[in-house]
Amino acid sequence: MRILSPPLNPLIALLAAASLVVAVAAAADDAVVETTAGERATGSLASIDDETIRLDTPSGPRTFTVGQTRTVTRTKTDKAEGPTVRLICVDGGRLSGTGFTADGELVTLAGPEGAATLPIARVRTVLWNHGGEPEADGDRPAWLATLPEPADADIVVVAKGGDVQFVPCAIVGVTPEKVTVILDGETIPVNRDKVVGLHWLREPAPAGGIAVGVEGGSLHASNVAWGPGGLVIDGVVRLPATALRSIDYAAARTVRLATLPTERLDVEPFFGGLREIEGMSDYFRPRVVGIDAAPARDLVMRARTVAVWRVPEGSRSFSTAVSPVAISGGAVVAIALDEREVFRGAVDQSSLDQAGRLAIAAIPVGAARRLSITVDYGTAGPIGGAVVFHDPLFTR
């Protein structure tokens, strides 16, 4: 006798459908892996360890070695609420959050996405927002530039009217209510609301060769691990998995063209008189933009422009990819080393790959001292020809 299964409970069916939706959403593309060969793969980030990056792509799982990977960029990120505390590491790394505590050898930085923890030995300075304290250099308070150097003790920065006072001591603990210090052999709790900063007596440390962008800051690393359980830097710094924004494995061996000043720049708008109009000359000059990632690293140039840069010492190659700003636009791009042309190509719909780019393979630099890029008129005619150079960089 065959036993018939009872009808599926409507609630169970609804939950199953909801689970499927969640699973599909979780598998959505959220990362781009760029290789040293110039390939860009898009998919859902599965895991990262010391040796490999695993990406679930529409065509199936892919694995990239760290050695062949230039960058990993998260493409779906939500902006967190404004931070109330900022942290500067001994190697120059920075983090921000909504609360800071220190207990023994470990500090905790609270945030909307979860808590980050790291050894206290990695922390050099903590900055709290403080109404009335004048700001300088963006989020850097004015008092930061006046810290006693060299210091011979930890320093607690206390608000005093419209000014601050530096108190040399030994910092032994931080809670949301108190900063505990040892001063003249006596343990003293200081009201946290009066404290606008902490500065530990530590020597600066060399930065690791991997640059890791995280929500509200950036860190330097020697190795990186990531998974659904969290982001781990050098085995000791731990952040929520959602905090990851980007990983630049090539940071120590590359120099971005967007960060270098031009040694010579000739800009000739299609109508020479445009240069005489206030503000128009800047419009035609090369401009650094953040089309693919933050911080900005792409370069927009317009016809007709000739820009010359000095090649960074120790560079072995130069690479980039180019795309037109407008779909109907087009230009001719030429690259030269010491006035010897090494690349020339049209940048228009006839030359672009599936990603909408003209990839330029690594160009050996050798002993060249200067690199020049010329953007000239192409199929777009005299009123078009703007192109984007995607993350142009020298590799050492």
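Buried means under 20% relative accessible area, exposed means over 50%, and partly exposed is in between (1.4 Å probe, protein chains only). This is a predicted model, with local features needing pLDDT of at least 70 and side-chain atom pairs counting only at pLDDT 80 or more, while totals for chains, interfaces and linings use all residues. Residues are numbered from 1 along each chain as its sequence is written, and side-chain values use heavy atoms, with hydrogens and water left out.

**Exercise 1. Sort Arg310 and Glu263 by accessibility, then place their salt bridge.**

Step 1: Arg310 comes out at 38% relative accessibility, so Arg310 is partly exposed. Glu263, at 40%, is partly exposed too.

Step 2: Check the contact. A salt bridge needs a side-chain nitrogen of Lys or Arg within 4 Å of a carboxyl oxygen of Asp or Glu. For Arg310 and Glu263, the closest N and O atoms are 3.0 Å apart.

Step 3: Arg310 is in strand β29 (residues 305–310), while Glu263 is in the loop between β25 (254–256) and β26 (264–267), 47 residues apart. Strands here are DSSP runs (E, at least two residues; helices are H or I, at least four), numbered from the N terminus.

**Exercise 2. What geometry does the ring pair of Phe100 and Trp128 have, and what lies over the face of Trp128?**

Step 1: Recall the cut-offs. Rings of Phe, Tyr and Trp (its six-membered ring) pair if their centres lie within 6.5 Å; planes under 30 degrees apart are stacked, over 60 edge-to-face, and the rest tilted.

Step 2: The structure holds 4 aromatic pairs. One of them is Phe100 with Trp128, at 6.2 Å centre to centre and 80° between the planes, which is edge-to-face. Phe100 is in strand β8 (residues 99–103) and Trp128 in strand β11 (residues 123–128).

Step 3: Look over the ring. Arg192 lies over the face of Trp128, 4.1 Å from the ring centre; the test is NZ of Lys or CZ of Arg within 6 Å of the centre and within 35 degrees of the ring normal.
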